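Visitor: Please take a close look at the aromatic pairs in this structure, and then at what surrounds them.

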Amino acid sequence: MSTAEQILEAPLGLQGGAHAPASAAPRAARATTTATAQSATLRPAAPAGIWPTGLLASAAWVALGLLTLLWPNKEVGFSDWAFTREFGIATLVVAALLLAISLLGSRAGRLVRTLRPAGQWLVALAVGLALWEVSTAKLGVLPSPFFAPPQSLIDVVHEDWQRLGLSTLHSLRLLANGFVLGALVGFITGVAIGWSRIAGYWVHPLLRFLGPVPASALLPLAFFFAPSSYSAAVFLVGLATFFPVAVLTWSGVASVHKSYYDVARTLGASERFLVFRVAIPAALPQVFVGLFMGLGASFSVLITAEMMGVKAGLGWYLQWAQGWAAYANMYAALLVMAALCSGLITLLFKVRDRVLSWQKGTVKW
């Protein structure tokens, strides 16, 4: 192992060996105590007293429940909207929970700390659902069957949860295969372009010429040349992920300050050490930006590919519901898509925060 590798691998307190000063341990203990005190000071205190916004949100959900239960639905044809009573009772249960949390205040602990930032959104959600309920089920301003009330989503989950759940699993499998493949190839390509002049000379022009072409534009060619529609969809999802990951990884590697390399070379670092321990860690913030962009692009291509050729997934379910004029099922699929994409982005944020925790002081989150 070279001198640079030994120095960078060794813990900071052990680099001095036997010649480290005797006061290092007390100094480290005092620093740890100070850091602990500072973190305790910066930690958000538990909210005290009654939560006023929670009380307002509880009142809004009570109003939604009473509106749903006491105002008769406008019948469409010879039928009424199913699960209206269940939807009204569910809103009243939500209102009771919000009331209890608001009155408990700090005694609710972590739950009230989690919900307090979303207090205004809880009020807005109840108001939005009330407007949706009135304009569809109560007054029929938005015509049926193109627009369905909120309780129709409960009906969809009750009647068609197996098909909807299976479609979600198919989409997750397709997205995982394409995203991981595209991210891996894009990361390797970006590192190669950013580090090697030869790779940059040959690959960079191709990347700039073919990269901006939307992956969905290659849909007919992919389905023609691929052995199956599933492999074509994986290729398109991977292609949509590949371009932003490759470009931003290349940008991150190329923008690493040369002084880092000079210091490591002075200490005897090898080329492999420079790539894996200097260039790639310094480029990781840019890499995660590319992953975020690639996830959004791959999800849109995923839905398009499922609607065009793949016989399973949320895109297929959306097209099937539209073909049968089952608009409530279509809205349910759209909500599942939004929740799935938002959940995956949140998970990627968690992974980034964990991987880049050592850069928290220098990287703007």
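Guide: The structure holds 6 aromatic pairs, where rings of Phe, Tyr and Trp (its six-membered ring) pair if their centres lie within 6.5 Å, with planes under 30 degrees apart counted as stacked, over 60 as edge-to-face and the rest as tilted. One of them joins Y201 and W202: the ring centres are 5.1 Å apart and the planes stand at 90 degrees, so this pair is edge-to-face. Y201 and W202 are both exposed; exposed means over 50% relative accessible area, buried under 20%, and partly exposed in between, with a 1.4 Å probe and protein chains only.

The model is predicted, and local features need pLDDT of at least 70, side-chain atom pairs count only at pLDDT 80 or more, and totals for chains, interfaces and linings use all residues. Residues are numbered from 1 along each chain as its sequence is written, and side-chain values use heavy atoms, with hydrogens and water left out.

A second pair is formed by W316 and W320, whose ring centres are 6.5 Å apart with planes at 20 degrees, so it is stacked. These two residues are 4 apart in helix α13 (residues 314-323), which separates them by about one helical turn; helices are DSSP runs (H or I, at least four residues), strands likewise (E, at least two), numbered from the N terminus. W316 is partly exposed at 25% relative accessible area, and W320 is partly exposed at 24%. Together with Y317, W316 and W320 form one aromatic cluster.

W320 also has a charge over its face: R163 lies there, 4.3 Å from the ring centre. The criterion is NZ of Lys or CZ of Arg within 6 Å of the ring centre and within 35 degrees of the ring normal. R272 lies over the face of F276 in this way, at 5.9 Å from the ring centre.

L295 lies in α12 and is buried, at 6% relative accessible area. The C-alpha atoms of L295 and C341 are separated by 8.4 Å, although the two residues are 46 apart along the chain.

Phi of A325 is near 55 degrees, a positive value in a residue other than glycine, and A325 is partly exposed, with a relative accessible area of 38%. Phi of F83 is likewise positive, near 65 degrees; F83 lies in the loop between α3 (52-70) and α4 (84-104).
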